[in-house]
Amino acid sequence: MSELDLTHIAWRKSSRSTGSGSDCVEVALGDISIAIRDSKNPQQAFLLFGRTEWKAFLEHVRGRDL
């Protein structure tokens, strides 16, 4: 898979999600891209990141800026 095929990809919620589904972000991992979307509006727009950008984002969130 060279591109993120959103029709067959598995979306997952954060392990820190409360389970109520009210305020969650879902993530889908592709071979070269990562997509995120609002779980309340899965048919709406999503954000697409390359792996380098996604890693930088996670490092920032974790407080370990590169």
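Ala, Val, Leu, Ile, Met, Phe, Trp, Tyr, Cys and Pro count as nonpolar, Asp, Glu, Lys and Arg count as charged, and the others, Gly among them, count as polar. With these classes in hand, we can look at the largest pocket: its lining has 9 nonpolar, 3 polar and 5 charged residues.

Before going further, here is what you are looking at. This is a predicted model, in which local features need pLDDT of at least 70 and side-chain atom pairs count only at pLDDT 80 or more, while totals for chains, interfaces and linings use all residues. Residues are numbered from 1 along each chain as its sequence is written, and side-chain values use heavy atoms, with hydrogens and water left out.

## The chain as a whole

How many helices and strands does the chain have? There are 1 helix and 4 strands, and from the N terminus on they follow the order β-β-β-β-α. Both kinds of element are DSSP runs numbered from the N terminus (helices are H or I with at least four residues, strands are E with at least two).

Of the 66 residues in the chain, 24% are buried. Buried means under 20% relative accessible area, exposed means over 50%, and partly exposed is in between (1.4 Å probe, protein chains only). The chain exposes about 5,100 Å², and carbon and sulfur atoms supply 52% of that area. Such areas come from the Shrake-Rupley method with a 1.4 Å probe; for residues, only the protein chains shown count as cover. Now take the contacts (heavy atoms within 4.5 Å): among those between residues at least 6 apart in sequence, 23% join residues at least 24 apart.

## The largest pocket

To find pockets, a 1 Å grid is laid over the protein atoms alone; a pocket is an open set of points where a 1.4 Å probe fits, with protein on both sides within 12 Å along at least five of seven lines, and lining residues have an atom within 4 Å of a point. Grid points are joined across faces, edges and corners, and a volume is the space filled by probe spheres set on the points. The largest pocket holds about 480 Å³ of space.

Its lining is made of 17 residues, and Arg 12, Ser 14, Val 27, Trp 54 and Leu 58 lie nearest the centre. At least two lining residues each come from strand E1 (12–13), strand E2 (25–29) and helix H1 (51–61). Which element gives the largest share of the lining? That is H1, with 4 residues.

Trp 54 sits in helix H1. Is Trp 54 buried or exposed? Trp 54 counts as buried because its relative accessible area is 13%. Setting aside neighbours within four places in sequence, Trp 54 is in contact with Val 27, Ile 34, Ile 36 and Phe 49. Trp 54 and Ile 34 are 20 residues apart along the chain, and their C-alpha atoms are separated by 7.1 Å.

Phe 49 belongs to strand E4 and is partly exposed, at 25% relative accessible area. Not counting residues up to four places away in sequence, Phe 49 touches Ile 32, Ser 33, Ile 34, Ile 36 and Trp 54.

## Around Cys 24, Asp 38 and Ser 39

Cys 24 is in the loop between E1 and E2, and a relative accessible area of 7% makes Cys 24 buried. Ser 39 is in the loop between strand E3 (33–38) and strand E4 (47–50), and Ser 39 is also buried, at 14%. The side chain of Ser 39 reaches the backbone oxygen of Cys 24 at 3.0 Å. This is a polar contact (a pair of N or O atoms within 3.5 Å; within protein, one must be able to donate a hydrogen and the other to accept it, and residues adjacent in sequence count only if both atoms are side-chain atoms).

Asp 38, in strand E3, is partly exposed at 29% relative accessibility. Its side chain reaches the backbone nitrogen of Lys 40 at 2.9 Å. Asp 38 and Cys 24 are 14 residues apart in sequence and 6.3 Å apart from C-alpha to C-alpha.
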